[in-house]
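Welcome! Please take a look at the sequence and the 3D structure below, and then walk through some of the details with this briefing.

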Amino acid sequence: MTELNTAASSLPLTLLDGADVSPLFSPVCVGGLKLRNRFAMAPMTRQFSPDGIPGDDVAAYYGRRAASLGLLITEGTYVDQSAGSSSRVPRFFCEQALDGWRKVAAAVHDNGGAIFPQLWHLGAQRRAGSPPYPDAPVISPSGLDPAGHAVAEPATEAELDAVVAAFARAAAEAKAAGFDGVELHGAHGYLLDQFHWPVTNRRTDRYGGDMAGRVRLSAEIVAAVRAATGPRFPIAFRFSQWKGADYNARIAEDPAELEAFLSPLAEAGVSIFHASVRRYWLPAFDGSDRTLAGWTRHLSGLPVITVGSVGVAAAFRGTDEAAQPSLTLAPLVDLLDRGEFDLVAVGRAVLADPDWAAKVADGRLSGIRPYDKSADATLY
């Protein structure tokens, strides 16, 4: 393990800033799942699974963080051979990988936590010929990257049917492996989000056009996962306005468009929405101070996970210093009191320190290991 830079060790002292954070540590039932507190581990790609197989070190990594968090959401996991482009990202198919995931789920449960795998498909972010399966097709709505360049042929309906089946199969395997639910990755410009965004979805069939068409594939995947896992298995759906290639992108310009996006997913069987933003406290739309998580909860009536720069000194890939977060959790507590979210996902802070939540709960703030991008915390 590479030791983190502790030059900023005084920063966590501002976390509480007079706020009573005890509501964040109250037990909660979300999607039928009872959790010890409202903190979740956000999914973070690590590429520490050679040949796509999570080893004992991966089980230990998640097990350590399960000791003080209510829910853990794994790094993104490939659902089939067309889904990814790295031999070190874990997959959620083939028996060796599934054996590894069973050990991960057991390690988390041994430490009192609950865990969802995040099921992931890169779509057009995977280039043709990429390993580990160079002969696999590139799947995307229109074969376009965010700049409008053609990178593949548009997916056929048969190929999309295969993707739906792959997500459903992976979800069924997750349930059989002892996981407590699944999260479907529909954010950040990956396959499902490429359908959501008009810039990358130029289709004229039933999977394109208006919001109902653009969200159709995601809703079909949710429905297939629900059918494969039963009526009570929690299904989280992660979505975002922003994309990795465009932080200002929007799939919904106003609450009405957001409702048109959320409703088909809820009707198909989503249990929990995970509203991904880079700064959790910012309003989602002009004319209201309600956040994206808050609007999602208000419009859908379903539990919501908020996320975005909790407990760290800089927004994700942030360059706008004027909009950087303070470390205080006071705004988070205020949003919880206002009913804007049910769970909060924490990424980089718990990557750096697996005991982050426990130290916040106990007031051991000076002992928190701060996140430092220049240091490697992924083995800890």
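The charged end of Arg46 sits over the ring of Tyr61, 3.5 Å from the ring centre; a charge counts as over a ring if NZ of Lys or CZ of Arg is within 6 Å of the ring centre and within 35 degrees of the ring normal. Arg46 also lies over the face of Phe48, with 4.8 Å to that ring centre. Keep in mind that this is a predicted model, in which local features need pLDDT of at least 70, side-chain atom pairs count only at pLDDT 80 or more, and totals for chains, interfaces and linings use all residues. Residues are numbered from 1 along each chain as its sequence is written, and side-chain values use heavy atoms, with hydrogens and water left out.

**Aromatic pairs**

- How many aromatic pairs does the structure hold? There are 15 aromatic pairs; rings of Phe, Tyr and Trp (its six-membered ring) pair if their centres lie within 6.5 Å, and planes under 30 degrees apart count as stacked, over 60 as edge-to-face and the rest as tilted.
- One of them joins Phe25 and Phe39: the ring centres are 5.1 Å apart and the planes stand at 55 degrees, so this pair is tilted.
- Phe25 lies in the segment before β1 (28-30) and Phe39 in strand β3 (residues 39-41), so the pair ties together parts that are 14 residues apart in sequence. Helices (H or I, at least four residues) and strands (E, at least two) are DSSP runs, numbered from the N terminus.
- Phe25 is partly exposed, with a relative accessible area of 22%, whereas Phe39 is buried at 1%. Here buried means under 20% relative accessible area, exposed over 50%, and partly exposed in between (1.4 Å probe, protein chains only).
- Phe92 and Trp101 form a stacked pair, with 5.5 Å from centre to centre and 25 degrees between the planes. Phe92 is buried at 1% relative accessibility, and Trp101 is buried at 0%.
- Phe25 and Phe39 also belong to one aromatic cluster with Trp356.

**The second largest pocket**

- How much space lies in the second largest pocket? The volume is about 410 Å³.
- A pocket is found on a 1 Å grid over the protein atoms alone: a cavity is a set of points where a 1.4 Å probe fits but cannot get out, while a pocket is an open set with protein on both sides within 12 Å along at least five of seven lines. Grid points are joined across faces, edges and corners, and a volume is the space filled by probe spheres set on the points.
- The pocket is lined by 19 residues, and the closest to its centre are Gln241, Tyr247, Arg250, Val277 and Pro283. A lining residue has an atom within 4 Å of a point.
- β7 (235-243), β8 (272-276) and α8 (292-300) are the elements that give two or more residues to this lining.
- The lining divides into 11 nonpolar, five polar and three charged residues. Ala, Val, Leu, Ile, Met, Phe, Trp, Tyr, Cys and Pro count as nonpolar, Asp, Glu, Lys and Arg as charged, and the others, Gly among them, as polar.

**Backbone details**

- Pro131 and Pro132 are joined by a cis peptide bond, with omega about 0 degrees. Pro132 is found in the loop between β5 (114-120) and α3 (157-176).
- Gln47 has a phi near 60 degrees, a positive value in a residue other than glycine. Gln47 lies in the loop between β3 and α1 (56-66) and is partly exposed at 36%.
- His188 is not a glycine, yet has a positive phi of about 65 degrees. His188 lies in strand β6 (residues 182-188) and counts as buried at 12% relative accessibility.

**A contact and two distances**

- Lys359, in helix α11 (residues 356-362), counts as buried at 13% relative accessibility.
- Which residue does the side chain of Lys359 join in a polar contact of 2.8 Å? The partner is the side chain of Asp353. A polar contact is a pair of N or O atoms within 3.5 Å; within protein, one must be able to donate a hydrogen and the other to accept it, and residues adjacent in sequence count only if both atoms are side-chain atoms.
- Gly213 lies in helix α5 (residues 211-214) and is buried at 3%. The C-alpha atoms of Gly213 and His196 are separated by 8.7 Å, and the two residues are 17 residues apart along the chain.
- Ala150 lies in the loop between β5 and α3 and is exposed at 67%. Ala150 and Asp362 are 212 residues apart along the chain, and 53 Å separates their C-alpha atoms.
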